[in-house]
Each structure stands twice: as structure tokens, then as C-alpha cells.
Amino acid sequence: MAKTAEAAEVQNSTGDGTANGTGEQASTYDMVVVGAGFGGLYQVQRAREAGLSVIGFEAGADVGGTWYWNRYPGARCDIPSLLYSYTWSDDLRETWRWSEKYATQPEILDYARHVADRFDLRRHFQFDTRVASAVYDEDKAEWLVETDTGETVRARFCVMATGCLSVPKAPDIEGAASFKGTIYVTGLWPHEKVSFAGQRVAVIGTGSSAIQSLPLIAAEASAVTVFQRTPNYSLPALNREISDEERAVFDAFFPDYKAALKAGASPLPIPPVGYQPTEEELSTSIAKMWNGDGLISLVMIPNLVRDAVTNARAGDYVREQVKAIVKDPEVAEALTPRGFPIGAKRACVDTDYYDTFNQPHVTLVDLRKTPIAAITPTGVRTTVADVEVDAIVYAVGFDAMTGALNRMDIRGRGGRALKEVWSEGPKTYLGVAVAGFPNLFLVTGPGSPSVLTNMMTAIEQHVDWITDAIGYLGARQIGAIEPSGEAQEAWVAHVNEEADKTLFPQAASWYLGANVPGKPRVFMPYVGEGYKIRCDQVAAAGYEGFVLSRRGEAA
Ligand code: FAD
Ligand code: NAP
């Protein structure tokens, strides 16, 4: 879908087009939103409710974000669907019916489309349009946003809902371009149905995307070779249809769930940090990892990411399961995760992943023993063998959390580029704003809990906070808001301190930027407690730690 007539319709809704730096006419809005995933959709909805004129830009051809791009076989949520849902509309919740415990990608994409239809959100977006730059015009206290189609718009507020996992890593292995077969990247999967029937397929990577897709690829292909650098911890999804009884239980729980979220409390009975379980409680909670509770089972293990002994016990439990499932002891050993704490990389939730390696046409190559030397025109060459394949599936992950932001030329006061300010790692206040970048907001930015939580509720919390902050400015004729340098420094230090109290930094994860060569190693999500309470306190104290200025002049 190209730019829509409807999108053109909403332009200039706050006034005349104003001349931009190039002398061309730029339409002016109250807010620009970048991204039409669940973050961008909700932000547009809230902006509209607040009476703001808003335009959204989305690089893809439709809404859905993650679920628009990641169409690989087996893609599903790893948070139960009933929780991986917006909570902001009772009407939406009461009329949408998830079919399975962990919904498939097509169903989640349908949900995003349904939201867009029901709330008439598409008309505010221009699709197939990538934002190339966003530059703060200090004289006018406005953002000048330019797209890859050459269009420029102006807006007082710019909200980056560009996603934490929206920039797939390039298949940058030596010789990759020489391959003559078909190349797939899980995060850029084709829209048409892909058939692997009768094909020899290489799967590179063993993160969540590979772990979800392998069993389905293996069900079709004549041969699959999995190239594994680091074995992951994966828990069984035990996926199934949601029963009417479960729906009723969830409906009854929903008011408490929502109230807990509003209060910034955990909606689940998560053991508090430091809780000392009895031996029985601990072993029961560890065994629940195999009961299909997935990632929820991990947060229910007391101090899992804070106590090395507990963590080792939980890790041992997974190691025993792998040994029990995988029949070939050598393959089982190669698949066994070791050397980093369970939970310190996002654990995977799978359907038949380990069991797939019991099939005779599925082979595991342990890259720690025999690394990839190059991709060749006919397949993958390791240090000991050439594996000839018809297709390569790259499931090699994302330039996470900062990737989408650093790919744009975002410039704040004095023309300072965000990527320069972040050259040693991202710096934000509360993960939602950056000093020197007035009226720029990040949805689930680095320095907020984001990817360590249910992203749906993290998105809602941020969008609500951003919209409330804008309302506060509007009510007081305040032109601009941005963090003070001191508040930001203190927050960054706090984010690091909290991470250092945990086992997270012990894994070479994408949380740390360790999966992208040359990326600064900084633990990006906020792992401390009481995040929403802190955000609400900041707001209640008149946006403590932020500098509020009349027209966005330098503070
Ligand atoms: P996204 O959905 O990533 O949307 C961002 C959008 O911004 C994209 O469509 C992108 O094209 C667009 N964009 C980026 N840059 C630009 C630009 N410069 N110009 C224009 N458009 C731009 N989280 C969970 O909590 N539970 C899960 O089960 C779960 N499963 C996941 C499965 C996969 C395969 C992946 C990759 C992630 C998963 N996540 C999950 C995380 C997921 O990203 C979030 O849950 C959520 O979908 C993020 O929504 P978002 O709107 O913030 O970002
Ligand atoms: P990932 O977790 O980063 O996994 C990438 C895999 O590719 C890793 O095994 C990595 O090995 C490997 N790899 C990277 N570069 C390689 C190279 N050059 N040669 C060989 N192997 C290489 O990425 P992902 O699987 O796409 O998942 C990313 C995140 O998205 C997840 O953690 C999760 O948050 C989300 N996600 C969720 C689901 C879900 O279940 N709902 C599904 C998919 C994704 P190393 O570990 O050694 O670096």
C-alpha cells in the first residue's frame, strides 16, 4: 500500500504548511509517530483521543510491526496470547477471541489489522515510507522529519515507535552473496507461502526464531542442517487451544490484572526479590519450566537471575531434559546449554524443538568445534566439510533496541546526532526521552524494562506516559520537555547498577549488544523494580528530572 488518500487528508490539520529548510512546503502536525507496530498504533490512537493532529510513517506496507515482518513458519508469541493483548479497550478485549495459548504470527497480525480497522487508524499512516531523518529546528521548536520518499513534515512532538527488534542482522558471513540457492531471513520473511518440500535446507542460528521454525522446516524439507554457535535454553510451549473455562477465568481475573498494571505492581504472583523459598517451593517452581508456562515459569523461580546457585539448579533441570529427549548422546551434548545463566539471554519457548533432532534427516553442526569458514555458491563450508543446500535460512537475530533509532539521522539541539551521543551506548532518562532532544519520545527505549517484560503492557505504559506528559505541557502552555543531563546520567548509572546486581551481564546477549560486532556492550533494558511507580512519581512531581521550557529554548 502506498501513501493513502486518507493520510493526505489529515495533513495540515493544525495549520498551514510551513516552509522547510529546502524551501519546500512541509505539512505541520502536532505529532509524528514512526512505526505502525503495536507501539505506533496505540500512540496514534492516544494522540487522536487527545485531540492532536498526527501522522504516522511505516516502512512496511501495513500495520503489525514485528508480526508484519516475521512470517517464518512457527512464529508465535512466547507470552500467552491472553496477556499479549492490549488492555486499553474493553470493547476490543471482549470482542477478540484468541484461539491458542500461544497465538501464531498470522493470528497476531490479524489482531493488529483488526485494531487498525476497528479504530480507523490506517488513515493516519503512510505505509511503504521509511523515515530517514528527524532534525530538531530550535528556532521553531519543531521536529523536521524527512522520509526516504523525499517528503518532509514538521511536528512539535516526535514519537519513535520503531521497535526493539525491528532491524534484522544482515547475513554478513563471508561469501554470503555468492550463494546461488534461495536465501531467507526470518525477520524479513516473504509474504507468499514458502515450501521447503524436497529441499536441503541450512538453518543458521539457534535463537527463538530458529527454534520456532526448525520443526516446521524439518517437516517439509528432505534434509536440514542446523548450524549452532551457542545452544539456547528452550522450554516446551505445550501449546493448545484456549478453553472456554480458561477464558472465563481470565475474564474474572482481568480487573485485578489491569489494576495491578495501573499500580505498577506485578499482575502475576511473582516472588519478590530476595524471597527465600523452601526447598520444596524451589524444586516445584523449577519443575514447572516443563509444564508449558514458558517464560512465566522463569519469573516464578525465586531469584533466578540474581542467585547463581538457584540459576545453576534451573539450568541443570533443562540440561537433564535435553539429555532425556535427544537420543544421540553426542547431539544431546552439543545441544545442551552451558556457560551462561538461564534467563540471562531470553529463553526460548518451543514446540518439539529438541525432538526434531531425533529425525534422521536433521543434522546439527556445532560451530564451536567446526566454525563456518564461508558461504559458498552451493552451501555452507565449515572448517571440516562442505554442506550443500538448496536454501539457507538466516535466523541470526537483530540489531536490537538501538538499531532502528541509529539507522535514522536523528539530530537534537545544536545539530547533535543521536548516534554520536550514543556512541558508547544508549543514554536515556527512564528509557523514554534523551537529553538534548526536546519533545522526542522513545516507546520502550533502552533504559526501560521493555524486552524483559510483556511488551504489550510495556508499550501501553510508555504511550500513556508520553501522552499524559504532552497533555501536561498543553495545559500549561509549556513548549518543550527534555531530560536534564544530571537526571539522565543518574538514570543511566542506576540502570547499570541494577543490571550489575543480576546475572544478566554474564551472557553475551543482544540485551548487551554483544550479538553485533563493534556495538558498545551496555546492558540496555532496565531490570530494577518499581519502574512504572518511578515514572508515575516523576510525572506527579511535575516531571522531575525534566527541563520544561516555553518554546523549547535551551535550558
Ligand atoms: P515493532 O513491532 O518492531 O514495530 C516497529 C515498526 O517500526 C516496524 O514495523 C518497522 O518497520 C517500523 N520502523 C522502524 N524504523 C522505521 C523508520 N525509520 N521509518 C518507518 N518505519 C520504521 N514480545 C513479547 O512481549 N512477547 C512475544 O511473544 C514476542 N514475540 C516476538 C517474536 C518475534 C519473532 C520478535 C522479533 C519479537 C517478539 N517480541 C515479543 C517483541 C516484539 O517486538 C514486541 O512484542 C512488539 O511487537 C513490538 O512492537 P513495537 O510497535 O514496539 O515495534
Ligand atoms: P537471537 O536470539 O539473537 O538468535 C540469533 C542466533 O543466531 C543465535 O543462535 C546466534 O548465535 C546465531 N548467530 C548470529 N550470528 C551468527 C553467525 N554469524 N554465525 C552463526 N550463528 C550466528 O535472534 P532471534 O532468534 O531472532 O530472536 C531474537 C529475539 O526476538 C528473541 O530473543 C525474542 O525476544 C524475540 N523472538 C521471540 C520469539 C517468540 O518465541 N515469540 C520468536 C523469535 C524472536 P550466538 O548466540 O552465538 O550469538
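In this predicted model, helix α6, spanning residues 208-220, gives the most to the shell around ligand 2, with three residues. That shell holds 24 residues, and Arg76, Thr206, Ser209, Thr230 and Arg346 come nearest to the ligand. Sorted by class, the shell around ligand 2 consists of 10 nonpolar, eight polar and six charged residues.

On the side-chain side, an oxygen atom of ligand 2 is 2.9 Å from an N or O atom of Gln212. An N or O atom in the side chain of Lys345 is likewise 2.9 Å from an oxygen atom of ligand 2. On its own, ligand 2 has 910 Å² of accessible area, and the protein covers 88% of it.

The chain is divided into domain 1, made of 5-167 + 400-549, and domain 2, made of 200-394. The contact between the two takes 38 residues from domain 1 and 42 residues from domain 2. Ligand 2 lies between domain 1 and domain 2, because both give residues to the shell around it.

The centres of domain 1 and domain 2, taken over C-alpha atoms, are separated by 29 Å. Between them the two domains bury about 3600 Å², and 55% of this area is on carbon and sulfur atoms.

Methods: Residues are numbered from 1 along each chain as its sequence is written. Chains are lettered from A and ligands numbered from 1 in the order in which they are written. This is a predicted model: local features need pLDDT of at least 70, side-chain atom pairs count only at pLDDT 80 or more; totals for chains, interfaces and linings use all residues. Side-chain values use heavy atoms; hydrogens and water are left out. A residue is near a molecule or strand if one of its heavy atoms lies within 4 Å of it. A polar contact is a pair of N or O atoms within 3.5 Å; within protein, one must be able to donate a hydrogen and the other to accept it, and residues adjacent in sequence count only if both atoms are side-chain atoms. Accessible areas come from the Shrake-Rupley method with a 1.4 Å probe; for residues, only the protein chains shown count as cover. Helices (H or I, at least four residues) and strands (E, at least two) are DSSP runs, numbered from the N terminus. Ala, Val, Leu, Ile, Met, Phe, Trp, Tyr, Cys and Pro count as nonpolar, Asp, Glu, Lys and Arg as charged, and the others, Gly among them, as polar. Domain bounds come from an automatic or database domain assignment. Contact means heavy atoms within 4.5 Å. Buried area is the accessible area (1.4 Å probe) that two parts lose on being put together, summed over both.
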